[in-house]
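Please keep the sequence and the 3D view at hand while reading.

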Amino acid sequence: MKLTVVEGLQSEIYVPITPPPVFTPFTKDLKECTVALVSAAGIHMKSQKPFNLAGDFTFREIPGDTPSSELMVTHGGYDNTDVNKDINCMFPIDRLRELAKEGFIKAVAPVHIGFMGGGGNVKKFQEETGPQIAEVLKREGVDVAVLTAG
Amino acid sequence: MLIAALPPVAKQQGSPRIVAPMVPMGANVGEPNNKVMQTAILKDALNALMTIDTYGKVIPLPYEYKAKI
């Protein structure tokens with residue numbers, strides 16, 4: 001079969017492009033690791049500014065010792081019923097504290113991150129928000145980030 | 001390490017390390033108030049750091065929660 005090639009023809013349908021691979025080998029023992037939570041589920045402290053449901057590329061720094069009762073969700077892209085019942089099902093802060101107490105990990109990070117994924121300005125997320133979050137985690141000496149999203 | 005409810009999407013978006021329990025979007029770490037399930041998912045996610053050695057790997061986790069909608 002002969003393929004017809006038309007130069008300059010473009011698809012009218014936007015297709016997602018998978019970004020180039022980023023992979024950092026894990027070389028530490030979990031028992032020596034400080035672990036942070038990073039969630040795209042719209043988690044923030046009740047005292048912090050809620051996310052803009054129409055699209056928001058900002059993020060919130062959540063101090064590591066924040067009680068789970070002080071957290072809430074602002075995200076219009078998924079059913080919030082479960083996370084409103086128990087924040088740990090998207091942001092397992094109490095579970096992480098228990099793992100630190102048990103010695104499974106070294107420590108809970110001094111700061112966690114919440115943002116609102118599910119769309120918005122993806123370019124901003126990739127080029128600004130993501131690198132800014134990585135800077136915060138580096139500054140705070142975080143070894144491992146556990147993300148919840150998608 | 002990403003705990004994903006929609007692993008194909010997570011993979012397509014370029015997440016380097018993915019674990020995927022059988023959960024709905026919005027309860028990625030398991031059933032609300034189910035401490036046993038949440039702990040197991042979180043522990044398995046952390047343990048997977050030691051077994052995932054290449055980019056884009058998805059590890060299914062054997063925990064299931066179906067939300068009552």
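In which loop of chain B is Asn33(B) found? Asn33(B) belongs to the loop between β2 (17-22) and α2 (35-51) of chain B. Its phi is near 65°, a positive value in a residue other than glycine. Asn33(B) counts as exposed because 12 other C-beta atoms lie within 10 Å.

The model is predicted, so that local features need pLDDT of at least 70 and side-chain atom pairs count only at pLDDT 80 or more, while totals for chains, interfaces and linings use all residues. Residues are numbered from 1 along each chain as its sequence is written, and chains are lettered from A and ligands numbered from 1 in the order in which they are written.

**Chain A as a whole**

Chain A has three helices and seven strands, in the order β-β-β-β-α-α-β-β-α-β from the N terminus. Helices (H or I, at least four residues) and strands (E, at least two) are DSSP runs, numbered from the N terminus. Of the contacts in chain A with a separation of 6 or more, 79% join residues 24 or more positions apart; a contact requires C-beta atoms, placed from the backbone, within 7 Å.

| Property of chain A | Value |
|---|---|
| Radius of gyration | 19 Å |
| Span of the C-alpha trace along its principal axes | about 65 × 40 × 30 Å |
| Share of buried residues | 34% of 150 residues |

For comparison, a compact globule of 150 residues would have a radius of gyration near 15 Å. That radius is taken over C-alpha atoms, and the globule rule is 2.2 Å times the number of residues to the power 0.38. A residue is buried if 20 or more other C-beta atoms, placed from the backbone, lie within 10 Å of its own, exposed if 12 or fewer, and partly exposed in between.

**A buried residue**

Ile113(A) lies in strand β6 (residues 111-115) of chain A and counts as buried because it has 25 C-beta neighbours inside 10 Å. Beyond its neighbours within four places in sequence, Ile113(A) touches residues including Val38(A), Phe59(A) and Ile133(A). The C-alpha atoms of Ile113(A) and Ile133(A) are separated by 7.4 Å, although the two residues are 20 apart along the chain.

**Where the chains meet**

Contacts link 31 residues of chain A with 32 residues of chain B. On the chain A side, α1 (81-85), α2 (93-102) and β7 (144-148) each give two or more residues. Two bridges join β7(A) to the parallel strand β1 (residues 2-3) of chain B, and Leu147(A) has Leu2(B) as its bridge partner. Strands pair if DSSP finds at least two bridges between them.

Methods:
Contact = placed C-beta atoms within 7 Å.
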